[in-house]
Amino acid sequence: MKYREEKDSMGIMKVPENAYYGAQTARAVENFKISGKGLPKEFIYAVCEIKRGAAIANRKLGLLDEKIADAIVLAAEEVIAGKLDDQFPVDVYQTGSGTSTNMNVNEVIANRACEILDGKKGDKHLCHPNDHINKGQSSNDVIPSAIHISAAILTKNNLLPALTKLKDSLLMKEIEFKDIIKIGRTHLMDAVPVTLGQEFSGYRTQIEKGIKRVEIGLMELLELPLGGTALGTGLNTHKDFGKIAIEEISKNTKLSFRQADNLFEGIAAKDGVVNFCGALNTLAVSLMKIANDLRLLNSGPRCGIAEITLPSLQPGSSIMPGKVNPVIPEAVIQVAARVMGNMQTITIAGSSGLLDLNVMMPLIADTLIESIKLLTNASISLAEKCVDGIVANVDRCDELVEWSMALVTPLALKIGYDEAAKIAYEAFNRKMKVKDVVKEKKILSDEEIKEIFDPRKMV
């Protein structure tokens, strides 16, 4: 491989000849050989949204030459379009401020801007990663802003539509199953009848409430500490820079970002992210409950509950022919477990805002984006590959209702709790239906038995 030399404040570094990044990125790659994984591209794109908005703001304020600003904007847009995805090799586990990634982006945009300006990579007189790309900014305000921007974009454009799709799928099954009577269960034991539609209405409502929680949490992510530079002081930037840059970011992303009320809080603390992750965690809890319920209701096909049948997607065993497993719900519960673990990671990371700067921001960015993407894809899969294809096994539902001892519950109003309990135990021990025991003992007339043991009047 051929190399070129680039220089930073600590000296000369060799950089691959075709690389757009420079000395500081090369130094970071050498120092942080930890996970072999870079930060998500969505986060890199968010940093580039900031660089794009910053160049326009500095141009409007007369602080940046128009040609250089235009070149920076074009270079940033190329990165956002995915044209330079291979130019961001810095490991997730790096300096806690994310300075290495900020400089990685600064160098890539600067060197690409040099080419746009008919120069060569590394010509810092033409376009400088600090003096031009990072003008009016600090890693202190860029990285937390990029965390919010990337998470907000993914949530608005991906997660919320996916959750809406899942909610709609559950609603369709709720309507389809509204008249199917089945036995309810508490403690995994037989309880009074419900309709299958009522059970699905509970799932649908869980997702509806999850959407509202995410939307409320999203409001805090729309606050950006951009313009705070070092610690929140606004040092080395124009007083109007932050607001103008944020206006440009909002215009380009079609999201209503605003400058944080307190720039010091926005840089030192990550409470807004922790709060938002709480909504994601609750959503993971909901998805795990729904997925596990679907697995239980589908269990069988002959020796389980089998009140519903999930779509058959693939063979379920390498040794048992004909076995089919609930693979999508199983994938979903694994996603939920991961997101719950990520919540703990972000809780620890969020509490690491020691004094004036959080020093776990790359970890927060990576973990947060992973959770949003996992929940998005899991919700779509659950809706399209599972819920949409669920079939109710009506005969099985009827059979279990008929055999349930819980049908004795309305009888307690007629003969009292204790006597009704005796009937239930006798039905169980003699392997009889409750109503048949009542009929045998002539406790009620045939008309009363028909009236009391009608499951439709119990739901």
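On a 1 Å grid over the protein atoms alone, a cavity is a set of points where a 1.4 Å probe fits but cannot get out, a pocket is an open set with protein on both sides within 12 Å along at least five of seven lines, and lining residues have an atom within 4 Å of a point. Grid points are joined across faces, edges and corners, and a volume is the space filled by probe spheres set on the points.

The model is predicted: local features need pLDDT of at least 70 and side-chain atom pairs pLDDT 80 or more, whereas totals for chains, interfaces and linings use all residues. Residues are numbered from 1 along each chain as its sequence is written, and side-chain values use heavy atoms, without hydrogens or water.

**Cavities**

Select Val401, Glu402, Leu407, Lys433, Lys435, Phe453 and Pro455, which line the second largest cavity. Its volume is about 40 Å³.

Next, select Glu6, Gly22, Glu107, Ala110, Asn111, Gly122, Asp123, Lys124, Cys127 and Pro129 to outline the largest cavity, which holds about 50 Å³ of space. Helix α4 (residues 99-116) gives the most to this lining, with three residues; helices (H or I, at least four residues) and strands (E, at least two) are DSSP runs, numbered from the N terminus.

**Strand β1**

Buried means under 20% relative accessible area, with a 1.4 Å probe and protein chains only. Display β2 (residues 11-16) as well: six bridges join β1 to this antiparallel strand, and strands pair if DSSP finds at least two bridges between them. A hairpin of two residues connects β1 to β2, and Lys7 stands opposite Ile12.

**Largest pocket**

Centre the view on Asp190, Ser404, Met405, Ala406 and Ala424, which lie nearest the centre of the largest pocket among its 22 lining residues. The pocket volume is about 620 Å³. Colour α15 (417-429) along with β3 (181-186), β4 (189-195) and α13 (394-403), the elements that give two or more residues to the lining; α15 gives the most, with seven.

**Nonpolar core**

Finish at Leu294, which with Leu368 and Leu382 has the most contacts inside the largest nonpolar core, of 134 residues. Such a core is a set of buried Ala, Val, Leu, Ile, Met, Phe, Trp, Tyr and Cys residues joined through side-chain atoms within 4.5 Å. Helix α6 (residues 139-176) supplies the largest share, 13 residues.

Methods
Buried means under 20% relative accessible area, exposed over 50%, partly exposed in between (1.4 Å probe, protein chains only).
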